[in-house]
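This report goes through the model displayed below, taking its pockets, sheet, aromatic pairs, cavity and backbone in turn. Please keep the sequence and the structure in view while reading.

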Amino acid sequence: MDEYTYIEILIEDKSGEVLVRQIMNKYVMNRENFTYRIHSFKGIGKIPPKAKMVSQIKSGRLLNDLPGYLKGMNASMEDIQGKKAIFVLLDSDDEDCAKLKMDLVEMYQKLQIEIQVYFCIAIEEMEAWLLGDSEALIKAYPMAKRSLLQKYVPDSIIGTWEYLADIVYKGGLSALKRDAASYYEIGLFKIDCAENIGRWMDIRNNASQSFQYFIRKLDSFCESNT
């Protein structure tokens, strides 16, 4: 019997939660004694300048609230037996990925907590993980613009969700922006894409390097002896 494994996942928005839940459901399918929980936020926010000064007021933004969540989870997971870790998943957006990763690690170290935390950054946005599995995308959207999909360079900085909209939405991005009365409705489009494409994704065959990094970190943690 496998050692008990427990993972908390923090992610910046609802569409990310929908996608990662599908990924994790596939990941744990043939594993025993594995529990995970996902917490989604209302955007990414900014890392507080003084991470150790944890605010009791929650902003709803991932990075703003991250120090408090990490400290709280470190305490709440203290008595859990077996392997345990926190995974923080976020988009790089317009940030320099290496600098963002360095800032996150520095913040984690300042907290002086014991729980292992993994930071996994999607380049440029998590929609890159959807575009990284072209077979899943075509299964989910048979009428997708295949010529655009074939031109896509994995993890390229091109406005990822907008490029996805051009591929799968009837009339492309301009039609989506015309049809969507608010950013809330664009968010619903992103959730639909995460749900529809995620259902077909092969988590062991994805062209996105940032997706592969996330899976490698999961594997490394689950196969470790700690």
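## The largest pocket

In this predicted model, helix H9 provides the largest share of the lining of the largest pocket, namely six residues. Helix H9 covers residues 183-198, and both this helix and helix H1 (14-27) supply at least two residues of that lining. The space in the largest pocket comes to about 510 Å³, and of the 22 residues that line it, Asp13, Lys14, Ser15, Tyr183 and Lys190 are the closest to its centre. By class, the lining of the largest pocket consists of ten charged, eight nonpolar and four polar residues.

## The second largest pocket

The second largest pocket holds about 290 Å³ of space, and it is lined by 19 residues, of which Lys46, Ile47, Leu63, Leu100 and Asp103 lie closest to its centre. Here the largest share of the lining, six residues, comes from helix H3. Divided by class, the residues that line the second largest pocket are nine charged, eight nonpolar and two polar.

## The sheet and the helices packed on it

Four strands, in the order E2-E1-E3-E4, make up an open sheet whose pairing is parallel. Strand E2 (34-40) and strand E4 (116-122) stand at the edges and have a single partner strand each, which means that one side of each is left without a neighbour in the sheet. On average, and with direction ignored, neighbouring strands of this sheet are turned by 20 degrees against each other. Strand E3, which comprises residues 83-91, pairs with E4 in the parallel sense over seven bridges, and leucine 89 stands opposite cysteine 120 in E4.

Helix H2 (residues 62-76) packs on the sheet and touches strand E1 (5-11) as well as E2, E3 and E4, while the direction of the helix makes about 180 degrees with that of E3. Helix H3, formed by residues 97-111, lies across E3 and E4 and runs at about 160 degrees to E4.

## Aromatic pairs

The structure contains eleven aromatic pairs. One of them is the pair of tyrosine 108 and phenylalanine 119, which is edge-to-face, with 6.4 Å from centre to centre and 75 degrees between the planes. Because tyrosine 108 lies in helix H3 and phenylalanine 119 in strand E4, this pair ties together parts that are eleven residues apart in sequence.

## The cavity

Counting cavities of 30 Å³ or more gives one, and the space in the largest cavity is about 40 Å³. The residues that line the largest cavity are Ser15, Gly16, Leu19, Met126, Glu127, Leu130, Lys190 and Ala194. Helix H1, helix H4 (127-131) and helix H9 each supply at least two residues of this lining, and the largest share, three residues, comes from H1. By class, the lining of the largest cavity has four nonpolar residues, two polar ones and two charged ones.

Ser15 and Lys190, which belong to the lining of the largest cavity, are also among the residues closest to the centre of the largest pocket.

## Backbone details

Two places in the backbone deserve a separate look. The peptide bond that leads from isoleucine 123 to glutamate 124 is cis, with omega near -10 degrees, and glutamate 124 has its place in the loop between E4 and H4. Asparagine 33, although not a glycine, has a positive phi of about 55 degrees, and this asparagine lies in the loop between H1 and E2.

Notes
Residues numbered from 1 in each chain as written. Predicted model: local features only at pLDDT ≥ 70, side-chain atom pairs only at ≥ 80, totals over all residues. Heavy atoms only, no water. Pairing = 2+ DSSP bridges. Axes fitted to C-alpha atoms, helices over the stretch in contact; angles between N-to-C directions. Contact = heavy atoms within 4.5 Å. 1 Å grid on protein atoms, 1.4 Å probe; cavity = no way out; pocket = protein on both sides within 12 Å on 5 of 7 lines; lining within 4 Å. Points joined across faces, edges and corners; volume = space filled by probe spheres on them. Nonpolar A, V, L, I, M, F, W, Y, C, P; charged D, E, K, R; others polar. Phe/Tyr/Trp six-rings, centres within 6.5 Å; stacked < 30°, edge-to-face > 60°.
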